[in-house]
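Dear colleague,

Please find the structure below, handed over for your files.

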Protein chains: 2
Amino acid sequence: MGTGETVKLSITQENLNRALASVGRIVSNRTSLPVLSNILLTTDGNRLRLSATNLELGINYWIGSKIEQEGSLTVPSRLLAEFVNNLPHGNLELESNDTALTIRTPHYESTLNGIAADEFPPIPQVTSKPALSLDATILREALAQVVVAASLDEARPVLAGVYLYTEESVLYVVATDSYRLAEKQIALETDPSEPLSVIVPVRTMQELIRLLAEHDGEVELYRDDNQVMFRTGEIELTSRLIDGQFPNYRQIIPKQATTSFDIETTEFSKITKVASLFARESAGSLKLEIRAEGEVRLVSSDSEAGGSTATAECAVSGDDGEISLNARYLQDALAAMKSPAVTFAVSGKLSACVLSPFDPKNEAAEADYLHIIMPLRT
Amino acid sequence: MGTGETVKLSITQENLNRALASVGRIVSNRTSLPVLSNILLTTDGNRLRLSATNLELGINYWIGSKIEQEGSLTVPSRLLAEFVNNLPHGNLELESNDTALTIRTPHYESTLNGIAADEFPPIPQVTSKPALSLDATILREALAQVVVAASLDEARPVLAGVYLYTEESVLYVVATDSYRLAEKQIALETDPSEPLSVIVPVRTMQELIRLLAEHDGEVELYRDDNQVMFRTGEIELTSRLIDGQFPNYRQIIPKQATTSFDIETTEFSKITKVASLFARESAGSLKLEIRAEGEVRLVSSDSEAGGSTATAECAVSGDDGEISLNARYLQDALAAMKSPAVTFAVSGKLSACVLSPFDPKNEAAEADYLHIIMPLRT
């Protein structure tokens, strides 16, 4: 069973090394199925395909190669990646013998014991037409601003995902763990032929962010009933979808505010960081006091460690205000903001507060990003 | 009972931050005695003294300060260091109230709950005349080349230390875990008035390496019966000594070799790194084969993962040779070497091998460093 065909090919260390670094990230070394710790190598025309899967998420990565003999086998991902990473630049000769792979350079010759290719679970391909195509950098930045708000808890599966949907030539990218919510809008050049509505596991999105950081250009999204595939250049990332209905989140977005202020993002981050040091015992609770004369104060206290008041100047509209927030949620929101300044809006102690980017040079600009944090009841 | 005197002073964020980073490193947060997680702050003339101890090792660090009211108290090291690290540059006002310390800047005011100074264990001072004085950079580099060979196991206490002794205007710095040994010689400008011979815990030496990396100039060594103190600038590091007799290691240093080779250190490191990937199952065993025609080969094999042969060119003197070594010990020795090239000398499979720096521009130079590795019996 499973003596793969003999593979023989040559490939550059640089290309193989880069591909292994990307593909290897989704490989778990703590799996009960040994073949899942391996990478599948398959010749495909004049390319070598590297594949890895953790059963929820699969990746195919093609690199140019001089194929002398076609075939496939699997070898341990981590050992292969570490080995290739330590080889000098230049050509590598790969040749398999049954399930062992030998890699040769002028100064190195190593053999890695593998597992036959037919024990590797197939990575399903989604072969429909692309549902959406957009700039990789724009999608990556949008996802990076949103994933932090997703739930890490699988108790409510839809919240452990990122919701992507289109409406009137806009792609909405949304995540919420029910304590906070982030939404990014991306204007599409053309209306998609069919409206899109999928919930993708947050782990897939984190992996996509990393892949797109290394590969710009266009990214295409393909979907079928229970899968989604992202393709960019020579890489395909395939993932299961999360089944279920995303909460109707638009209803919780406050429409107006009794108090709001504009502040430099780094300044707000700094006082939040300091205040959070004294909020550990209180499960991260900070009191945010807004003074209409132009000041925001973060007050934290911890009966064991002590207490702290941190102050910053800001431009306030409306009344004095006060709200209690989780320090980490506020830090996460500010880190996701990306803009040099931010608007913070709130209507009393019990309403959700809304953070959005603020551009002092264009105060009328409509924000394409918002980050909502639910208050703590104190 | 423990109500310290009120302290009131001002100090710059930059100086306090730097001192806290150094002093905090020896503070354990997992101690059964809460006061040991704290830093002792004591006014001392026109300076503030910061002290920390883990009972084996103590540090005193003085910084300039404007003292308004003298006194002392202890506050949690980690919280204080994180807090001060996040404050803006400039002046900080410190004021205590009973055992609580308030720190103020124009935008921040925080209070840290502390513990009275009299609960802090005293850090004994060594007040003899200095036994030795030498350049901080030279001592740091010597220690960094030697500590890796010390034992991490306290079963034989003397091996968990670094042996410092003087003989004929030379300071010897030595460590061994009985599988390997490193010795550095430092030429002293003057013969010390009394010969020195101390064994200092390796943990102390690692801390001294870090401190000296931040502070050059002279370092003075003081000792009494069971303690040693290193002083550089405004810092004193005090440590217990290890009691006992260091092994008479000179007798195991081979006097000559049947085979030796000179090789570039980075080249040797690279092939060692690759070979070690395939030596995990064999507890790190590598076979080193020296070919008189000018080649060294590292052969490793692992019945589970596979096997590897890595080759490098080198200048060989003497016969062919072969020896089995622990891959990590060889990597550690090469990392400690610091010179662009190294001489590796061995006399058969069962003798210790000796690595020493090699200078192709001055082949006759006497090496002031040697690193010995005992062979594995295979």
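**Salt bridges and the chain interface**

A:Arg210 is partly exposed, at a relative accessible area of 37% (buried means under 20% relative accessible area, exposed over 50%, and partly exposed in between, with a 1.4 Å probe and protein chains only). The side chains of A:Glu207 and A:Arg210 form a salt bridge at 3.1 Å, N to O (a side-chain nitrogen of Lys or Arg within 4 Å of a carboxyl oxygen of Asp or Glu). Both residues belong to helix α4 (residues 202–214) of chain A, and because they are three residues apart there, about one helical turn separates them. Helices (H or I, at least four residues) and strands (E, at least two) are DSSP runs, numbered from the N terminus. A network of salt bridges links A:Arg25, A:Glu207, A:Arg210 and A:Glu214.

Please note that this is a predicted model, in which local features need pLDDT of at least 70 and side-chain atom pairs count only at pLDDT 80 or more, while totals for chains, interfaces and linings use all residues. Residues are numbered from 1 along each chain as its sequence is written, chains are lettered from A and ligands numbered from 1 in the order in which they are written, and side-chain values use heavy atoms, with hydrogens and water left out.

Over all chains, the rule gives 40 salt bridges. One of them joins A:Glu183 to A:Arg250, with the closest N and O atoms 2.6 Å apart. A:Glu183 lies in strand β13 (residues 180–187) of chain A and A:Arg250 in the loop between β17 (235–240) and β18 (259–264) of chain A, so the pair ties together parts that are 67 residues apart in sequence. A:Glu183 is buried at 2% relative accessible area, whereas A:Arg250 is partly exposed at 36%.

In chain B, B:Glu68 forms a salt bridge with B:Lys8, the closest N and O atoms being 3.9 Å apart. B:Glu68 is in strand β5 (residues 66–69) and B:Lys8 in strand β1 (residues 8–12) of chain B, so this pair ties together parts that are 60 residues apart in sequence. B:Glu68 is partly exposed at 46% relative accessible area, and B:Lys8 is partly exposed at 29%. B:Asn46 is found in the loop between β2 (38–44) and β3 (47–53) of chain B and is exposed, with a relative accessible area of 57%.

Turning to the interface, the contact (heavy atoms within 4.5 Å) takes 30 residues from chain A and 31 residues from chain B. The two chains bury about 2,500 Å² between them, 50% of it on carbon and sulfur atoms; buried area is the accessible area (1.4 Å probe) that two parts lose on being put together, summed over both. The rule finds two salt bridges across the interface, one of which joins the side chains of A:Arg280 and B:Glu82 at 3.1 Å, N to O.

β21(A) and strand β9 (residues 108–113) of chain B pair in the antiparallel sense over five bridges (strands pair if DSSP finds at least two bridges between them). Within this pairing, A:Ser308 has B:Ser110 in β9(B) as its bridge partner.

Yours sincerely
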